[in-house]
Amino acid sequence: MAEAVGITDIHRLDTASFEGGLVTQPERASGVILVNSKGSVQRQRFTIGHELGHYLIIAHQPARAGQFTCSKSDMAIRVADRDNRARRMEMEANRFSAGILMPLARFKPDMRNLGTPALEHVFALATRYNMSKEATALQYVLHHDDVCAVIVSKDGIVRRIYKPNRFPFIDVRIGADLPTPSLAARLANSQQSDWDDVNAGVWLALAAEGCPPSLQEQAYRLSGGWMMTLLVHTDQDEEEDGEGGIPDAYDVWENPRFPSRSRRR
């Protein structure tokens with residue numbers, strides 16, 4: 001795919017200075033993608049997709065002429081303020097990468113065939129699409145018919161929260177401990193929990209305003225102290241917006257079409 005749109009080479013480098021890079025010209029006639037070889041195969045695939053997004057979205061302009069360099073933290077940007085152009089470009093490149101590696105025309109039917117939300121379904125899809133569990137979890141919660149969210153934590157500290165706008169506000173800060181009454185915090189030596197109904201107030205600020213206690217929680221302990229927690233909110237008004245968020249160029253990319261190399265010149 002990269003070759004078809006003018007990428008002449010993909011260099012894998014052993015470097016700590018960046019996760020991915022793109023060398024190209026303003027007119028994007030051709031380009032070279034750089035990838036940190038220290039990452040897993042799944043991470044390298046996502047990074048290549050990310051740089052391909054910078055290459056194909058002409059509105060993306062690097063801080064340094066002809067050179068995009070993207071850090072590990074850039075690869076984790078999922079939400080960006082409309083006025084923060086740099087973060088917005090990284091967010092769009094991340095969404096582009098997820099879109100081409102987990103195309104919704106295939107991903108949604110595969111997800112629906114697995115049934116109601118469950119972490120084992122996230123892991124099965126990650127294997128099927130050769131993606132990381134975390135990148136798959138984000139795609140999963142954004143596009144599942146049920147209203148769900150994923151919390152990624154390490155050693156009991158919340159690191160990232162992924163949810164669609166239709167999921168209520170999660171009243172837990174990044175960097176804070178997992179809520180003590182949560183199932184995730186109580187998962188002692190077990191690797192995986194069964195589903196449990198938890199008081200919505202454990203996770204949601206809306207509980208104090210009359211939100212019914214309808215939150216379901218499942219947790220799974222990963223390697224290295226990492227844990228993934230899935231929350232399902234069963235009483236959400238389905239008329240609220242779907243994925244929500246800031247509309248951007250990605251919104252027309254569900255079925256992206258790539259120009260042939262000859263057309264770009």
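Biologist: Which side chains meet glutamate 92 in a salt bridge?

Modeller: This is a predicted model. In it, the side chains of glutamate 92 and arginine 88 form a salt bridge, at 3.5 Å from N to O. Both belong to helix α3, residues 85–101, and lie four residues apart, so about one helical turn separates them.

Biologist: Are glutamate 92 and arginine 88 buried or exposed?

Modeller: Glutamate 92 is buried, and arginine 88 is buried too.

Biologist: How many salt bridges are there?

Modeller: The count is eight. Among them is the pair of lysine 154 and aspartate 155, 3.3 Å from N to O. Aspartate 155 has 57% relative accessibility, so it counts as exposed. Another is aspartate 196 with arginine 186, where the closest N and O atoms are 3.5 Å apart. That pair links distant parts of the chain: aspartate 196 sits in strand β7, arginine 186 in helix α7.

Biologist: Now the sheet. What is the order of its four strands?

Modeller: The order is β1-β3-β2-β4, in an open sheet with mixed pairing. The edge strands, β1 (7–13) and β4 (67–70), each pair on one side only. Strand β2, residues 20–24, runs antiparallel to β4, with four bridges between them. There, glycine 21 stands opposite threonine 69. Helix α1, residues 41–56, packs on the sheet and touches β1, β2, β3 and β4.

Biologist: Where is the pLDDT below 50?

Modeller: The protein's mean pLDDT is 85, and 85% of its residues reach 70 or more. Over residues 238–265, however, the pLDDT is below 50. Where pLDDT is low, predicted coordinates should not be read in detail.

How values were computed:
Residues are numbered from 1 along each chain as its sequence is written. This is a predicted model: local features need pLDDT of at least 70, side-chain atom pairs count only at pLDDT 80 or more; totals for chains, interfaces and linings use all residues. Side-chain values use heavy atoms; hydrogens and water are left out. Two strands pair if DSSP finds at least two bridges between them. Helices (H or I, at least four residues) and strands (E, at least two) are DSSP runs, numbered from the N terminus. Contact means heavy atoms within 4.5 Å. Axes are lines fitted to C-alpha atoms, for helices over the stretch in contact, and angles run from 0 to 180 degrees between N-to-C directions. pLDDT is the predictor's confidence in each residue, from 0 to 100. A salt bridge is a side-chain nitrogen of Lys or Arg within 4 Å of a carboxyl oxygen of Asp or Glu. Buried means under 20% relative accessible area, exposed over 50%, partly exposed in between (1.4 Å probe, protein chains only).
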